[in-house]
Amino acid sequence: MPQMVWSTLPDGFHDYYNAQWYRFTGVPEGSTDGEGWSGMFHADDQPVAWEKWRHSLATGEPYEVEYRLRRHDGVYRWTLGRALPVYRDGRIVRWIGTCTDIHEAKQVAEQNEVLSRELSHRIKNIFAVIAGLVEMTIRSNPEHRPVLRGLVERVIALGRAHNFARPHSEMSQPELPNSQLYGLLVELLAPYQSDNGERVRVSADEIMLDDRGATPIALIIHELATNAAKYGALSVDSGQVTLDARTDGTQVTMVWTETGGPKITAEPPEQGFGSQLIALSGERQLAGTMTREWLREGLRVTITVPVRNLYRHHDSYLQAG
Amino acid sequence: MRAIIVEDEFLAAIHAESALERLGIAVLGMAEDTQGALGLAAHKPTLALVDLNLRDGFTGPLIGAQLAAMGVNVVYVTANPGQLDGVNTLRSPVLEKPLEEHKLANTIRSIFQKEES
């Protein structure tokens with residue numbers, strides 16, 4: 001049997017270990033009975049193990065813990081410990097547990113995490129390099145400055161989106177602010193915010209976001225904000241923008257509303273590159289719909305996209321649920 | 001304000017230089033390693049943007065500390081702020097790459113305000 005197997009009395013008193021336990025740990029038979037087991041684990045892991053074990057003993061809930069177990073040669077190896085209660089006539093009569101060596105798998109997971117972080121930093125660096133390349137181009141082609149400056153700003157917006165777009169591993173998954181639409185929207189609009197936080201108001205439901213959604217959302221919001229700063233509400237001190245993102249579980253609806261800017265008397269005629277980029281990102285890439293209303297008090301844009309196009313785990317989540 | 005840029009990726013340095021110039025800050029020079037950075041310090045800059053991983057290794061934190069000791073306002077610019085944990089003893093401001101101009105402007109403004117008060 002490759003696994004270590006142990007068993008305890010209902011109160012947690014260890015009274016049995018299989019041969020593999022003794023082979024792995026090299027300790028004399030019987031020496032880890034009672035509470036002696038705990039000394040076999042790394043001192044740093046003992047408090048957690050005890051806490052979980054006591055919890056299981058008190059509640060009857062399954063026991064599961066990752067801890068470092070001392071091998072016969074003195075080396076601590078990551079181990080998965082599990083135990084289940086055995087019932088007879090509705091009462092726990094024993095606990096049966098196992099320990100499985102997961103050291104290699106744990107190391108591979110840690111290496112992957114390090115590698116993934118390193119790659120992420122390099123990608124961020126590349127955005128800076130691309131921005132520099134365009135800046136250099138501007139220096140030798142000053143007549144193209146306005147167009148190329150716009151390009152630099154778009155590249156930087158994509159760089160910001162990357163923090164939200166990077167694929168999450170098991171370990172980085174809980175970094176919640178970095179996987180929610182709200183965080184990305186606030187980040188993208190930060191350059192336009194006033195000190196009192198009243199110029200740009202963002203509100204959003206809890207909407208998950210990954211690399212599928214972050215890039216097109218970043219481009220759309222960047223273009224809307226840039227336009228507002230040039231011609232719309234953000235071009236004057238009195239102007240305000242509100243951005244509200246809501247979901248019904250299937251669709252996400254984002255409403256961008258400008259107020260307090262120059263009064264709009266007619267719909268602007270031309271479709272600039274920025275507008276094309278918004279349309280391509282919103283309608284083509286996110287398969288959403290978009291309406292623009294040129295209201296007298298300011299532009300209002302309503303974008304509706306399927307949730308699954310912002311966050312691909314949504315599909316598997318639904319299937320699992 | 002007169003700035004130096006310590007960065008071994010010249011295009012990233014160009015980006016930083018353009019951003020500083022748009023903020024009206026003259027750039028005295030760029031350096032790729034410790035020797036270059038300390039050489040530029042002779043020109044008495046008031047501000048230094050310092051990356052962490054440079055041509056001579058992970059020397060940014062020490063360069064930053066040395067420049068700060070000479071009275072230069074140091075701002076770290078890095079793709080990996082986590083690397084500063086425990087080594088940013090003077091608590092110099094940190095900006096993430098790619099550099100965002102509004103954050104750079106805010107950081108520089110707060111340095112100015114501190115100097116004036």
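Which elements of chain B cover the buried residues of H3(B)? The legends below take up this point and others in a predicted model.

**View 1. The buried face of helix H3 of chain B.** Helix H3 of chain B spans residues 60–69, and its buried residues are B:Gly60, B:Pro61, B:Ile63, B:Gly64 and B:Leu67. These residues line one face of the helix, because they fall within an arc of 160 degrees when seen down the axis of H3(B). The cover over them includes strand S1 (2–6), helix H2 (34–40), strand S3 (47–50) and strand S4 (73–78) of chain B. On the face turned away from the buried side, H3(B) carries the exposed residues B:Leu62 and B:Ala69. Just after the helix, B:Gly71 adopts a positive phi of about 95 degrees.

View 2. B:Val74 belongs to strand S4 of chain B. With 4% relative accessibility, B:Val74 counts as buried. When neighbours within four places in sequence are left aside, B:Val74 is in contact with B:Ala48, B:Val50, B:Gly64, B:Leu67, B:Ala68, B:Ser92 and B:Pro93. Two of the residues named here, B:Gly64 and B:Leu67, also belong to the buried residues of helix H3 of chain B. Between B:Val74 and B:Thr34, which are 40 residues apart in sequence, the C-alpha to C-alpha distance is 14 Å.

View 3. B:Arg91 lies in the loop between S4 and S5 of chain B. Its phi is near 55 degrees, a positive value in a residue other than glycine. B:Arg91 counts as exposed, at 75% relative accessibility. The loop between strand S5 (94–96) and helix H4 (101–116) of chain B holds B:Pro98. The peptide bond that joins B:Lys97 and B:Pro98 is cis, with omega about -5 degrees.

**View 4. The packing of H3(A) against H1(B).** The crossing of H3(A) past H1(B) is left-handed. Residues that meet here include A:Ala128, A:Leu133 and A:Met136 in H3(A), and B:Phe10, B:Leu11 and B:Ile14 in H1(B). By class, the contact comprises nine nonpolar, three polar and five charged residues.

**View 5. A:Ser140 in helix H3 of chain A.** A:Ser140 is part of helix H3 of chain A. At 53% relative accessibility, A:Ser140 counts as exposed. A distance of 17 Å separates the C-alpha atoms of A:Ser140 and A:Val129, which are 11 residues apart along the chain.

View 6. Helix H7 of chain A (residues 273–285) has as its buried residues A:Gly274, A:Ser275, A:Leu277, A:Ile278, A:Ser281 and A:Gly282. They lie on the same side of H7(A), because they cover an arc of only 160 degrees around the axis. These buried residues pack against helix H4 (145–165), helix H6 (211–230), strand S9 (289–295) and strand S10 (298–306) of chain A. A:Ala287 occupies the loop between H7 and S9 of chain A. The phi of A:Ala287 is near 50 degrees, a positive value in a residue other than glycine. With a relative accessibility of 47%, A:Ala287 counts as partly exposed.

Terms used: Residues are numbered from 1 along each chain as its sequence is written. Chains are lettered from A and ligands numbered from 1 in the order in which they are written. This is a predicted model: local features need pLDDT of at least 70, side-chain atom pairs count only at pLDDT 80 or more; totals for chains, interfaces and linings use all residues. Side-chain values use heavy atoms; hydrogens and water are left out. A crossing is left-handed if the near helix is turned anticlockwise from the far one by less than a right angle, and right-handed if clockwise. Helices (H or I, at least four residues) and strands (E, at least two) are DSSP runs, numbered from the N terminus. Contact means heavy atoms within 4.5 Å. Ala, Val, Leu, Ile, Met, Phe, Trp, Tyr, Cys and Pro count as nonpolar, Asp, Glu, Lys and Arg as charged, and the others, Gly among them, as polar. Buried means under 20% relative accessible area, exposed over 50%, partly exposed in between (1.4 Å probe, protein chains only). The arc is that of the directions from the helix axis to the C-beta atoms.
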